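Here is a short report on one protein chain. Start with the sequence and the model below.

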Amino acid sequence: MMDYLGSMYIDNELDLEEKVRFIEKIHSEQDFYQQTVDLLVQEKQVRTIPEKFMIPVETRVRFDLKKWLGKVFHPLVYAGAGFAFATLVLFALRPVSTSQLAAVNRFVIYEPAASRVELTGTFNGWQRVAMHQIGTTGYWELNVQLSSGEYRFAYILDGSRRIADPTQPTRENDDFGGENSILKVDKQA
């Protein structure tokens with residue numbers, strides 16, 4: 001059992017208790033001491049690479065494409081991001097004519113059995129928006145300001161059941177086997 005201690009000592013794999021036993025064994029057994037010294041000499045030879053097997057390190061400067069691309073493209077990326085930000089700010093600050101804005105659209109649905117109703121559509125990137133329950137009447141509503149255009153939308157009941165607006169006659173089938181309502185918003189007069 002103690003023969004493995006020499007190898008584990010060299011590889012620094014002993015806990016403190018095992019190190020104590022190792023030192024005691026070295027002092028008490030000459031054969032074990034010699035085996036451990038031989039293992040250390042052998043380990044030293046294994047870890048030392050003869051010069052004839054060493055590969056010379058090249059001293060000339062090598063072209064590092066990755067580093068060069070980083071130095072060239074990082075400023076371009078930052079400049080592009082700055083340009084994009086400036087463009088967004090300019091468009092956000094530009095005056096909007098009132099003829100482009102439509103009145104607030106009120107979405108209403110009667111679903112007394114639903115515990116939660118959400119609205120989703122092209123006007124908000126198909127993100128779900130919670131609708132507000134109107135008292136205990138079973139009606140749900142949400143007011144959304146939309147600019148003029150054509151929009152697709154649907155209601156989501158209790159987080160999973162998707163339905164078209166029963167009051168909207170214009171509909172289309174979606175790519176998932178369901179229906180979307182189509183809402184046309186005209187310019188304000």
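How many bridges join strand β8 (residues 171-173) to β9? Three bridges join them, and the two strands run antiparallel. Strands pair if DSSP finds at least two bridges between them.

This is a predicted model: local features need pLDDT of at least 70, side-chain atom pairs count only at pLDDT 80 or more, and totals for chains, interfaces and linings use all residues. Residues are numbered from 1 along each chain as its sequence is written, and side-chain values use heavy atoms, without hydrogens and water.

**Strand β9 and its partners**

β8 and β9 form a hairpin with five residues between them. Gly177 sits in that turn with a positive phi of about 90°. Strand β6 (residues 149-157) also pairs with β9, in the antiparallel sense.

| Partner of β9 | Bridges | Sense |
|---|---|---|
| β6 (residues 149-157) | five bridges | antiparallel |
| β8 (residues 171-173) | three bridges | antiparallel |

Ser181 of β9 stands opposite Phe153. Ser181 is also the bridge partner of Arg171. Five of the seven residues of β9 (residues 179-185) are buried, so the strand is largely enclosed by the rest of the structure. Buried means under 20% relative accessible area (1.4 Å probe, protein chains only).

**The whole chain**

The chain has four helices and nine strands. These are DSSP runs (helices: H or I, at least four residues; strands: E, at least two), numbered from the N terminus. The order is α-α-α-α-β-β-β-β-β-β-β-β-β. Of the 189 residues, 24% are buried. The chain exposes about 14500 Å² (Shrake-Rupley method, 1.4 Å probe). Carbon and sulfur atoms supply 57% of that area.

Methods: Buried means under 20% relative accessible area, exposed over 50%, partly exposed in between (1.4 Å probe, protein chains only).
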